[in-house]
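Open the model in a viewer with the sequence panel beside it. The stops below are given in the order in which to select them.

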Amino acid sequence: VPDISLANVQAHLGDLQTIATNNGGNRAHGRPGYLASVNHLRAKLDAAGYTTSVQQFTSSGATGYNLIADWPGGDPNDVLMLGGHLDSVSAGPGINDNGTGSAGLLEVALTVSRQALAPQKHIRFGWWGAEELGLVGSTYYVNQLPTAEKSRIKAYLNFDMIGSPNPGYFVYSASGQPTGSLALQQTLQAAFTVPTELTSVGGRSDHAAFARAGIPVGGLFTGAEVVKTAAQAQKWGGSSGVAFDRCYHRSCDTLTNVDATALDRNSDAIAYALWTLAGTGGGTP
Ligand code: PHE
Ligand code: CA
Ligand code: ZN
Ligand code: ZN
Ligand code: ZN
């Protein structure tokens with residue numbers, strides 16, 4: 001499993017911050033900073049050899065966009081999908097929520113390309129629009145998929161907030177999720193050397209649409225508005241009695257609102273899950 005470059009992930013985050021700064025301070029659905037974010041990622045993925053498409057939908061009177069990137073090859077009937085939302089709230093640039101998941105996924109995708117990975121499974125990435133309006137983009141994507149196409153997606157992994165400034169290390173619990181989710185949970189747990197906790201994220205992010213369709217789901221999360229306990233601060237460091245992300249959905253969710261160690265560990269964990277689950281023959285150079 002390759003080591004994902006933290007510097008590269010941070011560079012993508014810097015790009016998203018610049019996009020927000022140049023577009024009125026946010027990357028929200030229906031605002032120019034959102035489409036600029038889509039176009040920025042798409043250009044990098046195209047240059048890396050991905051087959052990309054941008055799916056349009058309408059929400060609250062504005063056009064939304066999902067960015068889908070397929071890595072050529074692999075069994076088309078055995079698709080491993082990884083995603084996260086690319087939109088921010090309108091209050092700010094959304095760098096932890098969810099620039100971090102978006103940037104981590106992008107760097108993992110670019111690493112797949114650099115290594116010319118030829119996995120047994122077909123790999124697909126999704127960056128969702130209008131999550132902050134109620135999981136709109138991911139729900140649209142799943143609902144418009146023909147039944148046969150839906151059944152080809154054997155797993156979906158979600159990454160929404162993976163660099164919280166006072167981080168916890170949370171793995172989505174498979175409890176209550178479709179059969180097959182437990183293996184995803186266990187793979188994501190095995191990706192960490194630091195202790196993790198299970199969390200029931202319920203319907204709070206984009207995996208929900210996939211779960212509703214019966215697709216096994218998993219994901220990672222470093223925490224939002226909830227306060228870190230003393231026991232959690234003991235095992236993870238950081239500040240007890242303080243929110244995992246005190247800038248959650250605020251204008252201060254900027255480049256400085258990210259814990260680099262959490263971002264690095266979680267980006268590496270995305271790669272661990274992909275390399276482990278995609279059938280890569282046990283590793284690459
Ligand atoms: N989906 C929430 C948001 O974007 C963040 C979140 C993710 C909360 C996972 C809980 C669990 O604001
Ligand atoms: Ca790394
Ligand atoms: Zn970038
Ligand atoms: Zn949010
Ligand atoms: Zn989010």
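Which residues of H4 are buried? They are Val 136, Gly 137, Ser 138, Thr 139, Tyr 140, Tyr 141 and Val 142. A residue is buried if 20 or more other C-beta atoms lie within 10 Å of its own, exposed if 12 or fewer, and partly exposed in between, with C-beta atoms placed from the backbone. Helices (H or I, at least four residues) and strands (E, at least two) are DSSP runs, numbered from the N terminus.

This is a predicted model, in which local features need pLDDT of at least 70 and side-chain atom pairs count only at pLDDT 80 or more, while totals for chains, interfaces and linings use all residues. Residues are numbered from 1 along each chain as its sequence is written, and chains are lettered from A and ligands numbered from 1 in the order in which they are written.

Select residues 136-144. Seven of the nine residues of H4 are buried, so this helix is largely enclosed by the rest of the structure. Its buried residues pack against strand S1 (51-59), strand S2 (62-71), strand S4 (121-128) and helix H7 (207-212); contact here means C-beta atoms, placed from the backbone, within 7 Å. Step back to Leu 135, in the loop between S4 and H4. Leu 135 is not a glycine, yet has a positive phi of about 60 degrees. Leu 135 is buried, with 20 other C-beta atoms within 10 Å.

**Strand S4**

Select S4 next. Eight of its eight residues are buried, so S4 is largely enclosed by the rest of the structure. Lys 121, Ile 123, Phe 125 and Trp 127 point one way from the strand, and His 122, Arg 124, Gly 126 and Trp 128 the other way. S4 pairs with S2 in the antiparallel sense over five bridges, and Leu 67 stands opposite Trp 127. With S3, S4 pairs in the parallel sense over eight bridges; there Asp 75 has Lys 121 as its bridge partner. Strands pair if DSSP finds at least two bridges between them.

**Ligand 1**

Display ligand 1 and the residues around it: Asp 97, Glu 131, Glu 132, Asp 160, Met 161, Val 201, Arg 204, Ser 205, Phe 221 and Ala 224. Each has its C-beta atom, placed from the backbone, within 6 Å of the ligand. The shell divides into four nonpolar, one polar and five charged residues. Two of these residues are worth a backbone check. The peptide bond from Asp 97 to Asn 98 is cis, with omega near 0 degrees, and Asn 98 is in helix H3. Met 161, in the loop between strand S5 (153-159) and strand S6 (170-172), has a positive phi of about 75 degrees although it is not a glycine. Met 161 is buried, with 28 other C-beta atoms within 10 Å.

**The core**

Colour the largest nonpolar core, which has 75 residues. A nonpolar core is a set of buried Ala, Val, Leu, Ile, Met, Phe, Trp, Tyr and Cys residues joined through C-beta atoms within 7 Å. Ala 109, Ile 270 and Leu 274 have the most contacts inside this core, and H9 gives the most to it, with nine residues. Centre on Ile 270: leaving out residues up to four places away in sequence, Ile 270 touches Leu 82, Gly 104, Leu 105, Val 108 and Phe 159.

Terms used
Nonpolar A, V, L, I, M, F, W, Y, C, P; charged D, E, K, R; others polar. Contact = placed C-beta atoms within 7 Å.
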